[in-house]
Amino acid sequence: MLGRAWRRLGWCVCLVLALWGSAGCERSAEENRPAARNVSLLHYFSFSGAFAGAMDRLAEGFNREGAGQVLSALPVDHEAFKTSILEDLRLGNTADLYSYWAGARVRAIVDQLAPLDATLPLGELSRSFAPSVIQSAALYDGHVYLLPLTQHYVGFFYNKKVFAAHGVTPPRTWDEFLQAVATLRRKGIVPVALGAKAKWPAQFWFDYLLLRSAPLDYRERLVRGQAAFTDPEVRHVFSLWRDLVRAGAFNARPNDLEFDRGAAAMVYRGEAAMTLMGTWLIGYYSGPEYVWLEGEDYGFFPFPVLDPQLPRVALGPIDGLVMPRAAKNEAGARRVLRYFASAPVQEELSRATGALAPSLAVPERAYSPLKQAIRADILNSAAWAFNFDLAAPPAIAEVGLNLFAQFLEFPDQYAHLLEQAEARVRTPAAP
Amino acid sequence: MQRMFERLRAYYQRQRLAGKLNLLLLFLLSVLLANTLAVFGSLALVYSSNATLWTLERFKVQVDTIEHTLLRFRVTHERVDAQAAHDALSAAEVWLGRIPARVFADPDGAAGEDIPRLMRGFGEQLRAYLYYHEQSVALGSRLRQTSAKLQERVRLLRAQAWPESLDPVLARLVQAILQARLDQQEFVLGEDAALVGAQRAQLDRAIEAALELRQRAPRIEARIEAYALTQEIQGVAETFGRFAEYTRRKRDNEAPLLRAAQRVAEQVGAAAERQRTTIVRQIVLIVVCTLLASLLLVVLGSLLGRRFVRGLTRPLDELVELSGRLARGDYARRMAVRAPDEIGELATGFNRMADTLQAQIETLQSTGSELRTRSAELESANQALLEAKSATDVLNSSLEAKVLDRTRQLEAVNRQLTELTVTDALTGLANRRHFDTVLAEEWARALRAGRPLALLMVDVDFFKPYNDRYGHQAGDECLRRVAQFLHATARRAGDLVARYGGEEFVVVSVDTDLSAACSLAEALRVAVAGAGILHEASPLAGGRVTLSVGVAAAVPQPGEGPERLLHQADAALYRAKSGGRNCVALAPASDE
């Protein structure tokens, strides 16, 4: 009888010890569990209106997937971004991911970037992105360094009511374009609004005039510094551009006008008929200040043909994500990259920015009719080119942007300006 | 007959023994069960409350981490620190999610603030702060670049051939640009908002001058340069405007942010305190319940035990009654034979005995007196039960002592938590206490590893004259800047820079021998001397703030403590100071 009682007592003691022990284990397991790690992303995208919180929503989507990583995406002033990323890299005090412009800018910092092949293998990338996009935007020295996020196309945005009121239709050739300019000028409308305060908006004129009048190969040599600004090809472009200025195609003082609140607003108000700009304007027009309907209030047409012999080239920037070698949370950054490569995220970014999604996994029906037309136009083009300041290495890009700005102020002095630019390209330290 | 009574006696003795044993066992089991239940219940209850307290404390640790990281980030601007603050915020949010809401409810319903709401607000503030910080940093780098370009433009402009009549305009232009640059730099250093407008006015003057140059320039090249210059000036003015705006927002955000962190920490501290009180209350409640349960069981046990014993003795009582009847001459009753055991046999025997009553009457009388004796023995067994109860009381009072002991332990943990602050409020470096802890830890680690440990003792030269000349506020600012340089120079992961007191700093450098420590000391000295912090009361380095550094390094030996290293570094510092200051002096490497 006593033996049984002792056994019972023994069981009780064991039970209490076991409970206490298991409680202890639970505690230490909790204590050792790593807390969620932060992935920092700095970007220069600005979204307006319904898309103001687009990046936050995408970050939330990522954070819901969990995996112990928390993405915090911070927007940085667009112009300041261009210098701050370089300083961050120089100091080694970097975020984990940056948005960046594909092309020469990535090439200029590629030594400080981490290759992404392990996360986005080329084989996998090739299944969802067009070869031209991969070649021009993602690959540098045979390795993937950038995940393309948005593909913006540059062309004319025009006020449909103004065009209709004055019997102007979207021109296909240069002659038609000049006629349209003359008609609109006669009616007292500014034919083309140009807001070049930030300098870069003027370059699209130079880019398209050159791409439509000289072979692509020549432009590639020019941006690499292997051709001269004093070449006849470039002089021809500037004479065409100067003629446009003389014909009153542009508003006065373009260097003091902003591209969005200035030029785009002039088109919106009907003071100007059209403006040459990238598809980010779609996001801007759909914002709360305007709520302008694409296809109804405004339309889009590609830059007219100058030389019918030349294959058509489409122009625009491709933005993407890069990861510095000095990234603090590499594992997290790689997860974020995979997330941003997925079709739903690319589709959402396309909707929010007005750009096309570089990923082919985004179906055509995801786009509005206007974007479908743009997409078809890109597919019909023989090649894709980045705008001048993204195609040329930073030093030459700087010389070019200053050249375009000074040209707009002193259009008749272009011969002198070209000589000066050429001299500065050869002595890279000068602005 | 004789044999039958002997068997009866043997049977009765066995039953009595078994009865006593059963009672004892029943009693023991009841008390054991009561105490096991009480211990188990108290463990479960206290464990659950304690787990909440523990989670609260983990949460508080994360909040403290955010606060410390922010203080460090304010000085270093390192993204690692921003990221660490973010990580701590995520971790804090996770812990917060595991704390039941009732914990935050103030029992008085008055002063209690909703911590989850505070925390959400704090998270938003932190994100906004980091956002402003990013803008301010990015625009700052943009500003440096555009300023450099502007200077280059000015150079190009002056390289043009200008007629002498324009010299005053050129001079005005250059002066306005330089003055604006100075205002900008002053703003960066002091964040005086008035300077924003001042530099803008200067830049407007510069633009005016540039326009005049453009109009009056004889040659087109010069006109183009003058125009390019106006564009650069506008670029600088706009960039600086935005830079100043975000810097202001960031600064305005800073104090409320830190206040919010402190507020959360305070509220969590209060909640933890309430939780501690709850635990003590629970323990007291458990003890009281245990005592009551034990008492109840003792009472029940003795009642049941009495019934049980009575059940055992009932056949005997019957026997006694029948024998009494027999004695009174009642011969009609016979005992029922219930089972073929001893009682059965006894009944049969009794019945037989009744049949032969006359012959057996004396023997029956003596049996009656023996039964009375046994009854007295049962009384004494009851007395033993009462004694056992007083033993339980002793057990409970030792449990109570344990509860008091645990309460004292909890209070000690609480005191320790509040003492864990490690940062020096003025400089943001580690404080003296933290330094003592780290030195002791590193000493022990170096001792185990057999690696050298270095200690640098740093003193700001002529600091008292500095204070006298510039005032204590400037003195504080000077210490902050020196701290910044020390932190930036001695930034290897294992190095700890701490404020030792007054104008003295210490650097603990692990795995560092005397020569490496000497290089580090020299680097620190050069960094601060080169910083050019003005100190007109000092005869050294052309009136700049300088440092004296004493260096000691040793491979720790068993049986000695870090105090020796401290003494050596102190002695070396004394030598550095008596050797003319602004220099590094070494302690002899005695252990090598």
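Here are some worked exercises on a predicted model with chains A and B.

## Exercise 1: Confidence before reading

**Solution.** 
- Step 1: Begin with the model scores, an ipTM of 0.82 and a pTM of 0.66.
- Step 2: Turn to the chains. Chain A has a mean pLDDT of 89, with 90% of its residues reaching 70 or more. For chain B the average is 81, and 85% of the residues score at least 70.
- Step 3: Coordinates predicted with low pLDDT should not be read in detail.

## Exercise 2: The interface of chains A and B

**Task.** Describe the interface: how many residues does each chain bring to the contact, and which element gives the largest share of the side of chain A?

**Solution.** 
- Step 1: Count the residues. Chain A brings 57 residues to the contact and chain B brings 49 residues.
- Step 2: Take the area. About 4600 Å² is buried between the two chains, with 58% of it from carbon and sulfur atoms.
- Step 3: The largest share, 13 residues, belongs to α1(A).
- Step 4: Sort by class. That side of chain A holds 25 nonpolar, 14 polar and 18 charged residues.
- Step 5: Look at one pair. B:Glu232 and A:Lys199 form a salt bridge through their side chains, at 3.8 Å from N to O. These two residues also belong to a salt-bridge network with A:Arg424, B:Arg153 and B:Glu225.

## Exercise 3: Three salt bridges within the chains

**Solution.** 
- Step 1: Over all chains, the structure holds 56 salt bridges.
- Step 2: Take the pair in chain A. A:Lys161 sits in helix α7 (residues 160-165) and A:Asp297 in the loop between α13 and β10 (298-301), 136 residues apart.
- Step 3: Classify them. A:Lys161 counts as exposed because its relative accessibility is 56%. A:Asp297 counts as buried, because its value is 12%.
- Step 4: Go to chain B. B:Glu57 and B:Arg276 form a salt bridge at 2.9 Å, N to O. B:Glu57 belongs to helix α1 (residues 2-76) of chain B and B:Arg276 to helix α6 (residues 220-327) of chain B, so parts 219 residues apart in sequence are tied together. Both B:Glu57 and B:Arg276 are buried.
- Step 5: Finish with B:Arg79 and B:Glu134, whose side chains meet at 2.8 Å, N to O. Helix α2 (residues 79-98) of chain B carries B:Arg79 and helix α3 (residues 115-159) of chain B carries B:Glu134, so this pair ties together parts 55 residues apart in sequence. B:Arg79 and B:Glu134 are both buried.

## Exercise 4: The surroundings of B:Thr512

**Task.** Explain why B:Thr512 counts as buried, and find what its side chain reaches.

**Solution.** 
- Step 1: Locate the residue. B:Thr512 is in the loop between β3 (504-510) and α12 (514-531) of chain B.
- Step 2: Check accessibility. B:Thr512 counts as buried because its relative accessibility is 4%, and the cut-off is under 20%.
- Step 3: List the partners. The side chain of B:Thr512 is in polar contact with that of B:Ser509 at 2.8 Å, and reaches the backbone oxygen of B:Val510 at 2.7 Å.

## Exercise 5: Helix α15 of chain A

**Task.** Which elements do the buried residues of α15(A) pack against?

**Solution.** 
- Step 1: Pick out buried residues in α15 (residues 343-353) of chain A; among them are A:Val345, A:Leu349 and A:Ala352.
- Step 2: Name the neighbours. The buried residues pack against α2 (54-65), β6 (147-151), α13 (280-285), α14 (330-341) and α16 (369-380) of chain A.
- Step 3: Look past the end. Just after α15(A), A:Gly354 has a positive phi of about 85 degrees.

Technical notes. Residues are numbered from 1 along each chain as its sequence is written. Chains are lettered from A and ligands numbered from 1 in the order in which they are written. This is a predicted model: local features need pLDDT of at least 70, side-chain atom pairs count only at pLDDT 80 or more; totals for chains, interfaces and linings use all residues. Side-chain values use heavy atoms; hydrogens and water are left out. Contact means heavy atoms within 4.5 Å. Buried area is the accessible area (1.4 Å probe) that two parts lose on being put together, summed over both. A salt bridge is a side-chain nitrogen of Lys or Arg within 4 Å of a carboxyl oxygen of Asp or Glu. Helices (H or I, at least four residues) and strands (E, at least two) are DSSP runs, numbered from the N terminus. Ala, Val, Leu, Ile, Met, Phe, Trp, Tyr, Cys and Pro count as nonpolar, Asp, Glu, Lys and Arg as charged, and the others, Gly among them, as polar. Buried means under 20% relative accessible area, exposed over 50%, partly exposed in between (1.4 Å probe, protein chains only). A polar contact is a pair of N or O atoms within 3.5 Å; within protein, one must be able to donate a hydrogen and the other to accept it, and residues adjacent in sequence count only if both atoms are side-chain atoms. pLDDT is the predictor's confidence in each residue, from 0 to 100.
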